[in-house]
Amino acid sequence: MMDSLGLLLGGFATALQPNNLLFALMGSILGTLVGILPGIGPVAGTAVLIPLTFSLDPTAAIIMLAAIYYGAMYGGTLTSVLVNVPGEAASAITCLDGYAMAKQGRAGPALAMAAIGSFFAGTVATMGLVLIALPLTALALKFGPPEYFALMVLGLSLVTGLAGRSLVRALVSGVAGLLIAMVGIDPVMGAPRFTFGIVRLLDGVALVPVAMGLFGVSEILINIEKSGGGSVHAKLTSLMPSREDVRRSVGPILRGTGIGFLIGLIPGVGAVVPTLISYVAERRVSRTPERFGSGMIEGVAGPESANNAYASAALIPLFTLGLPGSPTIAVIMGAFMMNGLVPGPFLFVEHSDFVWAVIASLYVGNVILLVLNLPLIPLWVSILRIPPALLYAAILAFSVLGAYTIGNSVFDVGVMLVFGVIGYAMRKLDFPAAPMILTMILGPLMERSLRQSLDMSQGDYTILLTRPISATLLVLAALFVVGTTLGVAAKLKGGDGEL
Amino acid sequence: MSPEAGDAGPTLRRPLQVAAIVLVLLGAFVAWRAVELRLYTSMGPGPGFFPLCLTLLLIGLAALVLIGATFGAPEPAPPDFVPGRAGALRVGVVLAGLVAVALLIGPLGMRLAFFLFLVGLPLFLGYRNLPAILAVALIGSAGVFAFFARVLDIPLPVGALGI
């Protein structure tokens, strides 16, 4: 451990050089700007900005990319809170309470606690990366297809925790998301499913246009229907969090950090799982769970911390095993290789200076984002003062652009519009949209894991129960579902809930 | 699809019944397509297995919604559930505008299509500050085009007019 700390200090010496600091600053700003554009989340934002780093030396290039990565994540948070358009799937959770806070005139505290929570989580996760990467990676190596399946089942069971007053409607939304995810090529046998001869559907239904439609477009349609060009946000009441906001956020930030960090060690899980688990966990421990979705700061602080802790922890499998933990990490891995560096255990041995400089720059990037964005919160929040007619036009235009640039095709724009209409109808009938997005991501992973598990066991389902980690996760999932169902039954008996 | 008027005002009974029936029909269609795929192999579930299970689950859940809406206590509809004529018109026009933008990006190019949309929509919604509208329209069309082309190096459609 002392060796690691010494190497880390050496990394800081490199990361804090003026030119590297400048690249980190530029990356943070550019990443935030790109992340703000609806539909262009961290993955796309990081990918499109890679060419900017071609002329830099490898250390500077990766430092800048890491800063872009964090910046784009915060940009996605901005759009989730301010205009209810998630920059990526994981930000959809932040929409639930973040946007509700913005409508109450409390966008400032939401953004501030998101930034502070993200900073804390990123710091802790970076320290974790330094101290315990190797031993924890050994545990992550024990995750095979059965364990991934069980983890996805646990993730899906947590969807029930997102049900508002109606569990059945949440389940309908969730099952619909699973079905939408079935469109495309079967993950094991390669057979096309539900493509109806449309070539574009062979790649499946892209998640980002669906999320933009369900959350962003539908929200704007509802607002336009109600008030045309009138204001729908409450007068801004505060820009910075109160003492009460900070007090209420401490627990969620700590819990979210732990959740995000632990799950980030497992490659391929995705950022949605830790943010979802964090949100549901906060609802569980809250004394007023029924108020989630109406502007609870815990619903922002926890998931945002989980997201950022996950983002840092997901670098651990990359550095130690050469496995990208998320799509964005995969893009960064590509950047590594473009710069002649192969992520994996030998990276620490052959390019130790580089690795520790990058790790140090992760922390520096976190600091830069906090220093940059906290004072800029009044600027970000001032977006809400733009006349709604102009704001809606700009958001819709950027959403069309974001959807178009996914595949340079109007097909994804069409998907976004279709789901905008579906989302509009779902809002009218009180069917929650979040479960649909979440199951779209988790479903294919679950199906693939199950079928791989059955391949391993020659069709024997008991493999899921005979392996201790998967059995434990499945039991947890069952307990959660039973607990939620009993809670709903009690509500129905008390007259406070619907089917 | 108007909510029924109950003793205490409109309810969601009829809309939920319609939604549930639509879901049942959709589920039945997807189930029919799923059984055409291979359901099971010697090594476990085939491509059609999960979709079939999910559609059966969806049909069951939709049936629960239908039963709840039909026999349960009527759920009051929110006051603005049925849009007024003006509201419905606004929504329809916005959707039509978005479809038009999507279809015109290719022929007209991104800049012109977006400029027209960013001018037209605020005017339609009743906003009349022309300088602000034009500023946003120029930034949102030409400005964004330049940012994508020069900074991000992402080409966007130029269109037949070369604009």
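Let's start with F336(A): setting aside neighbours within four places in sequence, F336(A) is in contact (heavy atoms within 4.5 Å) with I62(A), L318(A), F319(A), L341(A), P343(A), L347(A) and F354(A). A quick note: this is a predicted model, where local features need pLDDT of at least 70, side-chain atom pairs count only at pLDDT 80 or more, and totals for chains, interfaces and linings use all residues. Residues are numbered from 1 along each chain as written, chains are lettered from A and ligands numbered from 1 in written order, and side-chain values use heavy atoms, without hydrogens or water.

Now, the cores. A nonpolar core is a set of buried Ala, Val, Leu, Ile, Met, Phe, Trp, Tyr and Cys residues joined through side-chain atoms within 4.5 Å; buried means under 20% relative accessible area with a 1.4 Å probe, counting protein chains only. Which residues touch the most other members of the largest core? They are V205(A), L214(A), F319(A) and F336(A), out of 137 residues. Helix α4 of chain A, residues 58-83, gives the largest share, twelve residues. A separate second core has 70 residues, including L391(A), I395(A), M416(A) and L152(B).

That brings us to chain B. Chain B has five helices and four strands (DSSP runs: H or I of at least four residues, E of at least two). Its radius of gyration, over C-alpha atoms, is 24 Å, well over the 15 Å from the globule rule for 163 residues, so chain B is more spread out than a compact globule. That rule is 2.2 Å times the number of residues to the power 0.38. And of those 163 residues, 40% count as buried.

Notes: Buried < 20%, exposed > 50% of the residue type's maximum accessible area, 1.4 Å probe, protein only.
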